[in-house]
Amino acid sequence: VATSSCPACGANAFVAGRGGGGTCSSCGYSSGEENRCPHCKAVARIEGSGLQAVCAVCGGPRVPENLGGEAAANALREQKKALANARTASVATVLQAIGAAFVTLAGLAAAPESIVGKAIVFALAVVPLFLALRSRGRAQTSRAFAKSAGERAWLAAAEEVAASSKAGVTVPGLAKKLGIEPPHAEKLLTELTVHDRTRIDVGDDAEVRYSTGPSQFRVEAEKELAEESELVDDVGSSEREGRTR
Ligand SMILES: [Zn+2]
Ligand SMILES: [Zn+2]
């Protein structure tokens, strides 16, 4: 990675970003729109890497250099909101579980003789228990939603990387660009291909490349098809023109 001297600390550790800014790996100084946080809007460096990458200022989830544009930014905002909901629900779960335990203990200590007294104690203990179970369910739902929103953000980022290179991107290339492990990069590219958002080509160097343009196979197949149709054109030309017009 090419480095230059950092405008803040002077160390030769400043890595230029894609939008004219960059980040210093020594002091953490960041500049440029590519480092603007989609949550707090501060120009701030990213802490951690991969799915653990967060804004150094607000702690919200981020992708490197805001790759993936608005699609990724929106998904990251949804992810942050869902994570906050999950935390709230988790805290509620703990408090309600403590409440259930407290009421149960108090009921056991009081040990009412009558059936009605026992029923009241039972009912008082069941309500916080029910609330605790409901909160736990909500926390799980929010966590699952946060996970899928995060995946959408990284897919959008991977798609932009694939689209930015005409020849396409390889698994190691994407892993390096996004600062993630190759298995994660491969998962993202496979997912994009499954949903027809990227295409696969195998180059002369036997490297698998993922791109958003038309694949070499398809271009060649279409060329052959066009040549074939020219051969039979004498017979069906008037009919074909009528159809395509
Ligand atoms: Zn610096
Ligand atoms: Zn932030």
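Biologist: What is the relative accessible area of Arg199?
Modeller: We're looking at a predicted model, where local features need pLDDT of at least 70, side-chain atom pairs count only at pLDDT 80 or more, totals for chains, interfaces and linings use all residues, and side-chain values use heavy atoms, with hydrogens and water left out. Buried means under 20% relative accessible area, exposed over 50% and partly exposed in between, with a 1.4 Å probe and protein chains only. Arg199 counts as partly exposed, because its relative accessible area is 25%.

Biologist: Which strand holds Arg199?
Modeller: Residues are numbered from 1 along each chain as its sequence is written, while chains are lettered from A and ligands numbered from 1 in the order in which they are written. Helices (H or I, at least four residues) and strands (E, at least two) are DSSP runs, numbered from the N terminus. Arg199 belongs to the run covering residues 199–202, strand S6.

Biologist: Which residue has its backbone oxygen 3.3 Å from a polar side-chain atom of Arg199?
Modeller: A polar contact is a pair of N or O atoms within 3.5 Å; within protein, one must be able to donate a hydrogen and the other to accept it, and residues adjacent in sequence count only if both atoms are side-chain atoms. Arg209 has its C-alpha 8.1 Å from that of Arg199, 10 residues apart along the chain. The backbone oxygen at 3.3 Å from the Arg199 side chain, though, is that of Thr212.

Biologist: What arrangement do the donor atoms make around the zinc ion (ligand 2)?
Modeller: Donors are N, O and S atoms within 2.8 Å of the metal (3.2 Å for Na, K and Ca); water is not among the atoms, so sites may look incomplete. Here the protein donors are the SG atoms of Cys37, Cys40, Cys55 and Cys58, lying 2.3 Å from the zinc ion (ligand 2). Four donors count as tetrahedral if all angles lie between 85 and 135 degrees; four count as square planar and six as octahedral if opposite donors are over 155 degrees apart and all others between 65 and 115, and anything else is irregular. The 4 donor atoms subtend angles of 106 to 114°, so the arrangement is tetrahedral.

Biologist: What spacing do the donor residues of the zinc ion (ligand 1) follow in sequence?
Modeller: The coordinating atoms are the SG atoms of Cys6, Cys9, Cys24 and Cys27, at 2.2 to 2.3 Å. Angles among these 4 donor atoms are 104 to 113°, and the site is tetrahedral. Along the chain, the spacing is C-x2-C-x14-C-x2-C.

Biologist: How many disulfides does a search of the whole structure find?
Modeller: A disulfide is a pair of cysteine sulfur atoms within 2.5 Å. With that cut-off, the number found in the whole structure is 0.

Biologist: Why are the buried residues of H3 on the same side, and what arc do they cover?
Modeller: Helix H3 spans residues 171–178, and its buried residues are Val171, Leu174, Ala175 and Leu178. The arc is that of the directions from the helix axis to the C-beta atoms. They sit on the same side of H3 because the arc they cover is only 100°.

Biologist: Which strand do the buried residues of H3 pack against?
Modeller: On the other side of H3, Pro172 and Lys176 are exposed. The buried residues pack against helix H2 (115–164), helix H4 (182–194) and strand S7 (208–211).

Biologist: Which residue caps the N-terminal end of H3?
Modeller: Just after H3, Gly179 takes a positive phi of about 65°. At the N-terminal end, a side-chain oxygen lies 3.1 Å from the backbone nitrogen of Gly173, and the capping residue is Thr170.

Biologist: Which residues does His184 contact, leaving aside neighbours within four places in sequence?
Modeller: Contact means heavy atoms within 4.5 Å. His184 is found in helix H4 and, at 19% relative accessibility, counts as buried. Its partners are Leu51 and Trp154.
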